[in-house]
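Hi,

Here is the structure I promised to pass on to you. Have a look at it first, and my notes follow below.

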Amino acid sequence: SVLIVNNEYFEDPAGLYKNRYGSTIDANNLSILFEQLDFKCTIKDNRTYKEMRDDIYTFSKLTESVEPNMRILVVLSHGDKANVLSANGFKLPYEWITSQFNNYNCPQLRGKPKLFIFPACRGSTSDHGVDEGLQTYSTQVDSLESDAAVVMIPSSPSVSRSGKRLPMYGDMLIAYGTVPGYVSNRDTLHGSWYI
């Protein structure tokens with residue numbers, strides 16, 4: 001199963017976060033890809049903080065008619081080093097999201113692959129590229145935007161269990177659209193570079 005949270009439009013009276021034009025292109029392209037790979041795909045658009053938390057929690061607890069073989073979660077939104085943003089401007093930590101699928105909170109997926117795709121910014125520094133000799137790359141494109149938000153570091157939950165020990169976080173692949181501290185570029189006409 002695949003869940004795509006697509007936050008393209010933001011309720012932001014202060015004007016801190018622009019709408020993420022091009023995000024729906026990413027959501028649709030990913031949905032087509034995953035459906036071609038025989039995944040059941042659900043897209044949730046413009047989710048508030050509560051809705052995002054509820055969607056992700058419910059997706060982690062989802063029971064299927066056949067034994068699950070994998071879960072994929074994609075969050076298309078603004079972000080910073082430690083968080084993604086809800087459509088109403090609240091921060092949801094990456095750590096909380098992945099913890100919903102760990103071996104303690106999601107025992108039905110123990111030993112099963114879990115893929116997280118976060119193409120959001122992880123800071124505000126732009127990567128302008130380097131001169132390769134004859135070719136130069138420019139980020140001066142009219143339709144280019146980034147998804148940067150203010151940085152805030154969450155606290156870590158601690159959990160202990162007795163008996164046979166499994167790693168708390170196993171069988172997870174977390175794919176970020178950029179390295180910590182940098183923006184993730186999104187073309188308003190064609191979607192994000194990463195997707």
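Let me start with a helix: α2 lies across β1, β2 and β3, and runs at about 170° to β3. Contact here means heavy atoms within 4.5 Å; axes are lines fitted to C-alpha atoms, for helices over the stretch in contact, with angles from 0 to 180 degrees between N-to-C directions. Helices (H or I, at least four residues) and strands (E, at least two) are DSSP runs numbered from the N terminus.

Please note that this is a predicted model, in which local features need pLDDT of at least 70 and side-chain atom pairs count only at pLDDT 80 or more, while totals for chains, interfaces and linings use all residues. Residues are numbered from 1 along each chain as its sequence is written, and side-chain values use heavy atoms, leaving out hydrogens and water.

Now the sheet. Its five strands are ordered β2-β1-β3-β6-β9, open and with parallel pairing (two strands pair if DSSP finds at least two bridges between them). At the edges sit β2 (41-45) and β9 (172-176), each pairing on one side only. β1 and β2 are joined by five bridges, and L3 has T42 in β2 as its bridge partner.

As for the nonpolar cores (buried Ala, Val, Leu, Ile, Met, Phe, Trp, Tyr and Cys joined through side-chain atoms within 4.5 Å; buried is under 20% relative accessible area with a 1.4 Å probe, protein chains only), the largest has 18 residues, and L73, V84 and I97 touch the most other members. A second, separate core has 13 residues, including I4 and A175.

Best wishes

Definitions and conventions. Buried means under 20% relative accessible area, exposed over 50%, partly exposed in between (1.4 Å probe, protein chains only).
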